[in-house]
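Visitor: I would like to learn how to read a few features in a structure. Could we go through them one by one?

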Amino acid sequence: MIEFSKVNKFYGDFHVLKDINLTINKGEVVVVIGPSGSGKSTLLRCINRLETISDGGLTVNGVSVGDKKTNINTLRRNIGMVFQHFHLYPHKTVLQNITLAPMKVLGQSQKEAEETARHYLDKVGILEKAGSYPSQLSGGQQQRVAIARGLAMKPEVMLFDEPTSALDPEMIGEVLDVMKALAREGMTMVVVTHEMGFAREVADRIVFMDEGRVLEEAVPADFYENPREERARLFLSRILNH
Amino acid sequence: MDFSVLTNNMDAFLEGFKTTIIASLIALVCSFILGTLIAVMRIAPLKALNWIGTVYVEFIRNIPVLVIVFFTYLAFTFSGMTAGTIGLTVYTASFIAEAIRAGIMSVPKGQMEAARSSGLSYGQAMRFVILPQAIKIVIPPLGNQFINLVKNSSLLGIVAGGDLMYQGDLVNAKTFAYVDTYVFVALFYLVLTIPLSFGVGYLEKRLARSN
């Protein structure tokens with residue numbers, strides 16, 4: 001449902017993404033890993049056009065993301081996104097954070113949107129915080145609200161951009177648990193993360209990136225037991241053996 | 001201090017006071033709306049709009065308000081009150097636009113990204129996510145602009161706008177008690193500006209608490 005073909009991206013002279021070819025199928029959980037600055041987040045952010053690609057083709061459900069004729073707002077309805085720093089709206093309650101887009105974009109009534117919001121808050125385990133403001137929540141709770149906010153639009157795919165990197169170590173588990181549950185339900189997910197345990201347990205496929213290229217794609221067992229690329233081997237040895 | 005200057009001419013002072021309040025209120029509301037629009041134009045992802053917004057701010061902000069008021073009065077066939085209020089609005093809007101723009105820029109970039117990635121249009125994201133946050137940051141500089149606006153409304157007097165300053169001049173012509181008259185005029189302005197100043201302070205505290 002997501003297809004990169006020969007995608008390149010430049011920031012000025014800097015070549016961030018180099019000839020990316022990647023297909024993500026419906027229901028698949030793809031985890032993108034790699035060292036900092038390898039282009040993982042940029043790759044993810046191209047999918048919903050938070051970043052524009054310089055050349056090549058990128059389609060979501062057959063619709064070209066970069067095409068001028070594509071209504072980007074319509075496309076984005078189907079693509080939920082969770083950020084490293086949550087980006088909850090600080091002036092709105094948890095419930096209002098979740099109901100905003102369903103009401104304004106999908107035209108749901110307040111009652112309908114709140115019902116949906118409560119359903120997903122319950123799912124991420126913090127229904128009791130519906131009336132709180134984001135600043136009253138812990139980082140882990142905020143990230144779970146952000147996930148519920150994404151789900152409330154009933155997207156076909158969820159993008160996660162280092163969702164646990166800004167969290168206290170104690171709170172990482174609660175967010176990963178929500179993501180695991182989501183993966184088990186068959187949600188299509190693209191996850192940029194450094195959580196190797198999560199990748200190993202949940203991913204259908206690991207995509208390893210370095211210096212703007214996809215160096216290796218493999219199922220987790222193969223990737224972790226026997227990475228083909230020297231660079232991937234080095235990366236794994238550095239992050240796993242400490 | 002000759003209080004008879006005040007008591008004998010109370011009608012004139014009150015008439016001017018009323019006009020000053022009305023002109024200030026109209027200019028306040030209109031310059032706030034116009035200023036917000038221009039601020040959004042300056043940062044919208046559309047070059048042509050950026051250009052219009054920037055030209056507006058750089059031109060208007062750098063012309064003395066007195067010249068603008070004279071221009072609106074002389075170039076069109078408006079009454080002094082109308083010309084003065086329009087001039088004030090146009091002038092104040094450029095400062096309000098800059099204050100609001102600074103406020104919008106200070107909202108973290110991730111807020112716009114989160115809003116847009118959920119499918120909200122740029123306008124919706126501005127209206128529901130960015131502006132409500134920017135306004136809190138903008139309240140103190142905005143308050144200063146509103147206080148300036150009330151004081152600048154005294155320029156209506158120069159184009160026969162019927163405001164406090166204008167009425168004060170008429171009282172002068174009649175009584176020759178210049179100093180006393182201007183002291184009373186100043187007091188009337190303070191009646192407006194001091195509560196405004198406190199109001200802004202109060203609002204600032206309340207908004208800070210809601211965060």
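This is a predicted model: local features need pLDDT of at least 70, side-chain atom pairs count only at pLDDT 80 or more; totals for chains, interfaces and linings use all residues.

Guide: Start with burial. Thr85(B) lies in helix H5 of chain B, residues 80-105.

Visitor: Is Thr85(B) buried or exposed?

Guide: Buried means under 20% relative accessible area. Thr85(B) has 7% relative accessibility, so Thr85(B) counts as buried.

Visitor: Which residues does Thr85(B) touch, not counting those up to four places away in sequence?

Guide: There are Ala23(B), Ile26(B) and Ala27(B), and also Leu156(B).

Visitor: How do I read burial for a whole helix?

Guide: Go residue by residue. Take helix H1 of chain A, residues 40-47. That helix is mostly covered, with seven of its eight residues buried. The buried residues of H1(A) include Leu43(A), Leu44(A) and Ile47(A). Lys40(A) and Arg45(A) are also among them.

Visitor: What comes just after H1(A)?

Guide: Arg49(A), with a positive phi of about 60°. Here is the general idea. Most residues other than glycine have a negative phi.

Visitor: Which other residues have a positive phi?

Guide: Asn61(A) is one of them, with phi near 55°. Asn61(A) sits in the loop between strand S4 (55-60) and strand S5 (63-64) of chain A. Lys154(A) is another, with phi near 50°. Its loop runs between helix H5 (139-151) and strand S7 (157-161) of chain A.

Visitor: Next, helix packing. What describes two packed helices?

Guide: The angle between their axes and the distance between the axes.

Visitor: Which residues of H2(B) and H8(B) meet?

Guide: From H2(B), they include Phe13(B), Glu15(B) and Phe17(B). From H8(B), they are Leu164(B), Gln167(B) and Val171(B). The contact residues divide into five nonpolar, three polar and one charged.

Visitor: How does H2(B) meet helix H3 of chain B?

Guide: H3(B) covers residues 47-61. The axes of H2(B) and H3(B) come within 6 Å and cross at roughly 130°. H2(B) and H3(B) are therefore oblique to each other. Their crossing is left-handed.

Visitor: Which residues make that contact?

Guide: On H2(B), Leu34(B), Ile38(B) and Met41(B) are among them. On H3(B), they include Leu49(B), Ile52(B), Tyr56(B) and Val57(B). The residues of this contact divide into eight nonpolar, three polar and one charged.

Visitor: Last, the interface. How is its size given?

Guide: Often as the accessible area lost when the parts come together. Chain B and chain A bury about 1,700 Å² between them. Carbon and sulfur atoms carry 56% of it.

Visitor: How many residues of each chain are in contact?

Guide: 18 residues of chain B contact 23 residues of chain A.

Visitor: Which three residues supply more of chain B's buried area than any other three?

Guide: Glu113(B), Ser117(B) and Phe128(B). They supply 29% of the area that chain B buries against chain A.

How values were computed. Residues are numbered from 1 along each chain as its sequence is written. Chains are lettered from A and ligands numbered from 1 in the order in which they are written. Side-chain values use heavy atoms; hydrogens and water are left out. Helices (H or I, at least four residues) and strands (E, at least two) are DSSP runs, numbered from the N terminus. Buried means under 20% relative accessible area, exposed over 50%, partly exposed in between (1.4 Å probe, protein chains only). Contact means heavy atoms within 4.5 Å. Ala, Val, Leu, Ile, Met, Phe, Trp, Tyr, Cys and Pro count as nonpolar, Asp, Glu, Lys and Arg as charged, and the others, Gly among them, as polar. Buried area is the accessible area (1.4 Å probe) that two parts lose on being put together, summed over both. Axes are lines fitted to C-alpha atoms, for helices over the stretch in contact, and angles run from 0 to 180 degrees between N-to-C directions. Angles under 35 degrees count as roughly parallel, over 145 as roughly antiparallel, 65 to 115 as roughly perpendicular and the rest as oblique. A crossing is left-handed if the near helix is turned anticlockwise from the far one by less than a right angle, and right-handed if clockwise.
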